[in-house]
Amino acid sequence: MNRGAGDLADDVHYTTADGASASLTFHGTGVTVLGEKFSDQGSVEVFVDGASQGLVDTTAATRQVQAEIFGIEGLTAGEHPVQIVKRSGQYTRLDGFKVTG
């Protein structure tokens, strides 16, 4: 969705459905998940290599685009899946992934 809010590449993806997810399989030693923090957001659960990394609160009083929602480093070099699952809130908006290593 192109909405002119300063999103990465002026593009963002969103869902309103709890349980909806987005995933990426990457090759590296770490990943950062970029998204939005705002009052209409809620919690997401992040999984790396199939293991829950816990809930992440993506609410904020003011809109923050290209915000780091989650990051992990120090994984063994290789292929890893990361999955983000919407758990609460009106929206979950994801902007992109940054892979390291």
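In this predicted model, residue Q66 lies in strand β6. The phi angle of Q66 is near 55°, a positive value in a residue other than glycine. Most residues other than glycine have a negative phi. D49 is found in a loop, the one between β4 (43-48) and β5 (51-57). The relative accessible area of D49 is 40%, and D49 is therefore partly exposed.

The chain as a whole is built from strands. Its secondary structure comes to zero helices and eight strands, and the elements run β-β-β-β-β-β-β-β from the N terminus on. The protein chain has 101 residues, of which 40% count as buried. The accessible surface of the protein chain is about 5,100 Å², and 48% of this surface belongs to carbon and sulfur atoms. Among the contacts in the chain with a separation of 6 or more, 81% are between residues 24 or more positions apart.

β1 and β8 pair in the antiparallel sense over three bridges, and H13 stands opposite L94 in β8. Strand β8 (residues 92-100) is in turn joined to β3 by six bridges, and these two strands run antiparallel. In this pairing, F97 of β8 is the bridge partner of V33. β3 also pairs with strand β6 (residues 64-72), again in the antiparallel sense and over six bridges. Here Q64 of β6 is the bridge partner of K37. Seven of the eight residues of strand β3 (residues 30-37) are buried, so this strand is largely enclosed by the rest of the structure.

Aromatic rings provide a further link between parts of the chain. The structure holds one aromatic pair. This pair is formed by Y14 and Y91 and is edge-to-face, with 5.8 Å centre to centre and 65° between the planes. Y14 lies in strand β1 (residues 13-15), whereas Y91 lies in the loop between β7 (78-86) and β8, so the pair ties together parts that are 77 residues apart in sequence. Y14 is partly exposed, with a relative accessible area of 45%. Y91 also counts as partly exposed, at 22% relative accessibility. The cut-off for a buried residue is under 20%, which means that Y91, at 22%, does not count as buried.

Charged side chains are placed over aromatic rings at two sites described here. The charged end of R93 sits over the ring of Y91, 4.3 Å from the ring centre. Y91 thus takes part in the aromatic pair with Y14 and also has R93 over its ring. At the other site, R63 lies over the face of F38, at 4.1 Å from the ring centre.

V12 lies in the segment before β1 and counts as buried, at 2% relative accessibility. The C-alpha atoms of V12 and G96 are separated by 7.9 Å, while the two residues are 84 residues apart along the chain. S43 lies in strand β4 and is also buried, with a relative accessible area of 18%. Residues up to four places away in sequence not being counted, S43 touches V56, D57, V85, K86, R87 and S88.

Technical notes: Residues numbered from 1 in each chain as written. Predicted model: local features only at pLDDT ≥ 70, side-chain atom pairs only at ≥ 80, totals over all residues. Heavy atoms only, no water. Buried < 20%, exposed > 50% of the residue type's maximum accessible area, 1.4 Å probe, protein only. Helix = DSSP H or I, 4+ residues; strand = E, 2+ residues; numbered from the N terminus. Pairing = 2+ DSSP bridges. Contact = heavy atoms within 4.5 Å. Areas by Shrake-Rupley, 256 points an atom, 1.4 Å probe, with all protein chains shown as cover. Phe/Tyr/Trp six-rings, centres within 6.5 Å; stacked < 30°, edge-to-face > 60°. Lys NZ or Arg CZ within 6 Å of the ring centre and 35° of its normal.
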